[in-house]
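Please find below a short note on the fold of this chain, written for a reader who is new to it.

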Amino acid sequence: MESQVFQAKPENEQTGEPCIVYFSSVSENTHKFIVKTGIDSIRLPLKTSGETPLVHRPYVLCVPSYGRPGGAGSVPPQAVKFLNQPGNRKLLRGVIGAGNTNFGSLFCIAADKIAAKCDVPVLYKFELMGTTEDVENVQEGLKAFWRSNSLYPATL
């Protein structure tokens, strides 16, 4: 059964709260991590044939990496399809990588590739479902990133 695609809360589009767009495979590791953060999120469809969401506000992309020789094909095709939409690519502000340290130097390579191609920073990398410390780091780090980039309301 394909997981539901979560849509960002419409009322948050104007408040400037952080938003994460993410892809999670059938393992659900990335999904479990994003849910633990409690940050407003949009999930990309499991299948590339699914409808690609269009975003209307700045966001951070969170993607797992696939372990293939030399890093070829490491970026999920669903993320490629999403970023091939000019409006989506324009609003990308950073990337968070999910991976497995068993991949050695290719750990979170998808995040590195997307960041280089789209000229945005890699904000964080975590392994598998992340730890409690990873969740806290992303929560606090995204708030600070949003503030420092004038993406967050000045009242917070």
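1. The model is predicted: local features need pLDDT of at least 70, side-chain atom pairs count only at pLDDT 80 or more, and totals for chains, interfaces and linings use all residues. Residues are numbered from 1 along each chain as its sequence is written, and side-chain values use heavy atoms, without hydrogens and water.

2. Five strands form an open sheet in the order β2-β1-β3-β4-β5, with parallel pairing. Strands (E, at least two residues) and helices (H or I, at least four) are DSSP runs numbered from the N terminus, and two strands pair if DSSP finds at least two bridges between them. Because β2 (41-43) and β5 each have a single partner strand, they stand at the edges, with one side of each left without a neighbour in the sheet. From one strand to the next, the twist averages 20°.

3. Strand β4 (residues 92-99) pairs with β5 (residues 122-127) in the parallel sense over five bridges. Within this pair, I96 stands opposite Y124 of β5.

4. Helix α4 lies across β3 (59-64), β4 and β5, and runs at about 165° to β4; angles run from 0 to 180 degrees between N-to-C directions, with axes fitted to C-alpha atoms, for helices over the stretch in contact. Helix α5 packs on the sheet, touching β1 (20-22), β3, β4 and β5; contact means heavy atoms within 4.5 Å.

5. The axes of α1 (residues 29-37) and α5 (residues 132-148) come within 9 Å and cross at roughly 60°. The contact is made by F33, K36 and T37 of α1 with D134, V135, V138 and Q139 of α5.
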